[in-house]
Amino acid sequence: MENKYFKYISLPVGLALISPATTFAQAVTTAVAPAVAATPAPFISPGNTAWMIVATALVMLMTIPGLALFYGGLVRSKNILNVLMQCFILTAVISLEWVAFGYSNAFGSSTGALAPYVGGFDWAFLKGIKITDVSPYYISQATERIPHILFVLFQCMFAVITPALIIGAFAERIKFRGFLIFSLLWAIVVYNPIAHWVWSADGWLCKLGALDFAGGTVVHINAGIAALVMAVMLGKRRLPAGQHITPPHNIPFVVIGAALLWFGWFGFNAGSGLAADGLAANAFLVTHIAAAAAALSWALLDWFINKKPTVVGIATGAVAGLVAITPAAGFVDVSGAIIIGLLVSVFCFFMVSVVKGKLGYDDSLDAFGVHGIGGIWGAIATGLFATPVIQSAYSGAFNGNPKQLGIQLIAIVATLVYSGVLTAILFKIVEKTLGIRATEEEEISGLDITQHDEIAYSEAD
Amino acid sequence: MKKIEAIVRKSKFEEVRKALHEADIDFLSWWEVKGQGTARQGLIFRGIAYDINSVARMYVSFVVRDINAEKSINAILESAFTGESGDGRVFVSDIDQSIRIRTKDRGDESLYDKNAK
């Protein structure tokens, strides 16, 4: 069963990037024939396809306007357009990069030593992929599949949102040009290879057995650690002496953004089974319940510790819950989801209210505190709570498979190391060439007016 | 003629308005202001309690005839009072001239409606 999509993560960390030498690998498709006699030829299922078209559109909604408003409301009013623009332009640029060669690098195959680390260019510009082709990737529905091009687009939305998540760490102090080049390079040399490791059938992480249903490792831990590195290397925002916190300029936007993320996440997680079936319904259920548990848990922490439940708090808690359930959504039942959700807010709350202040880095909108920490907890929790009741082949430590936890830890560490190191290198490259840190003038006047010649809230009526 | 200006709590603004109305002050302007003083506005962001160095208040301003000055000042002093730090201030200053644009009335006559009383 190991040929299925997103399941396995194995050992060596390769720094290999892009290999032009490739051969088309049938291995990706249906090489694994379990003990079943004759597997019927896969075909395009209209039902599964209908759901996946909707799911893909839902994932798009997460970046614009979901994440854009969530982050945009948290920044000061002089920087909201810059954040909206960052999310918007990544949607455009990464989508083009994805069809140009990103998809091929992430989900295609290559030959030789690079095969486990990065795909080649056979599918560049989706060459040779016909509209009648079935997706080579599937989870529970080996026969009733979706069109290959739909899988390409579904994954495109994941490729778009991952670099967009990093925005939270460097918000309010980055030059737009530096941001754009950094993000594009990051997508190419960090996101695509890690997606290949975890989600391609040849991926080196795909063989040890780490579980990542919808991207806890590839999306959230990956973006989270990149966010931390960026926050540290860019340095703190220039705030008046003694000030560490900037009050969010529009909390209603934060709420709309978080609610759209929650809604879009149903496509993200319930779509990751690539079919409209019971597994998708369970992913939907546990995603919703984990988000609910985490939202409540954060509100209660606020209430006990600071005497008032806050709106930014409950919205942040919901997002943390969604992050944490992401890798587990195809492996845990509702009891696992409740525990994952209740605890993720405790970890993230502690991280952003205590640890961040002690360490002194300025992760403006807590991209690491929520996505990094939430993602790590989710990956560990998957190794603990995975139950064969959902997918019979996969169990966690609490269901008699303690080895799974070790495998999850390997996957976490590999992602942290590769993404962290490459992010630091890319930062240096962009800093030395284009410049990346906003000047004092730009930062104080605001990035809206200095980077875009626009003002969000005009005085004119 | 006196100009009366007052900085009052937002939570007391409606009472101030009502008290001034009862003191026959029906022409007044106000705007929201931020300022600093000894009062602190506590906020919470993601588990961290902090205070911003500014507090939100209402700024009220109007011009009255001398005979109405004391009455309107007292109306503010009573209606804006809580006894806690941050209740605000009242400022009184002389006004050289006042002209009603529609009628060109000057001085005291410009400040009240002759026909109404």
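Predicted model: local features only at pLDDT ≥ 70, side-chain atom pairs only at ≥ 80, totals over all residues.
1. Strands are DSSP runs of E of at least two residues, numbered from the N terminus.

2. The C-alpha atoms of B:Thr38 and B:Gly86 lie 6.9 Å apart, although 48 residues separate the two in sequence.

3. Turning to chain A, its secondary structure comprises 13 helices and 2 strands. The radius of gyration of chain A is 21 Å, close to the 23 Å given by the globule rule for 461 residues, so the chain is as compact as a globular protein of that length. The C-alpha trace of chain A spans about 70 × 50 × 45 Å along its principal axes.

4. Of the 461 residues in chain A, 58% count as buried. Among chain A contacts between residues at least 6 apart in sequence, 79% join residues at least 24 apart.

5. The axes of α9 (residues 334-359) and α10 (residues 367-385) of chain A come within 9 Å and cross at roughly 145 degrees; the crossing of α9(A) and α10(A) is right-handed.

6. On the α9(A) side, the residues that meet α10(A) include A:Ile340, A:Phe347, A:Met351 and A:Lys356. Among their counterparts in α10(A) are A:Val370, A:Ile373, A:Trp377 and A:Phe385. By class, the contact between α9(A) and α10(A) has 13 nonpolar, 4 polar and 1 charged residues.

How values were computed: Residues numbered from 1 in each chain as written. Chains lettered and ligands numbered in written order. Helix = DSSP H or I, 4+ residues; strand = E, 2+ residues; numbered from the N terminus. Rg over C-alpha atoms; globule rule 2.2 N^0.38 Å. Buried ≥ 20, exposed ≤ 12 C-beta atoms within 10 Å, placed from the backbone. Contact = placed C-beta atoms within 7 Å. Axes fitted to C-alpha atoms, helices over the stretch in contact; angles between N-to-C directions. Left-handed = near helix turned anticlockwise from the far one by under 90°. Nonpolar A, V, L, I, M, F, W, Y, C, P; charged D, E, K, R; others polar.
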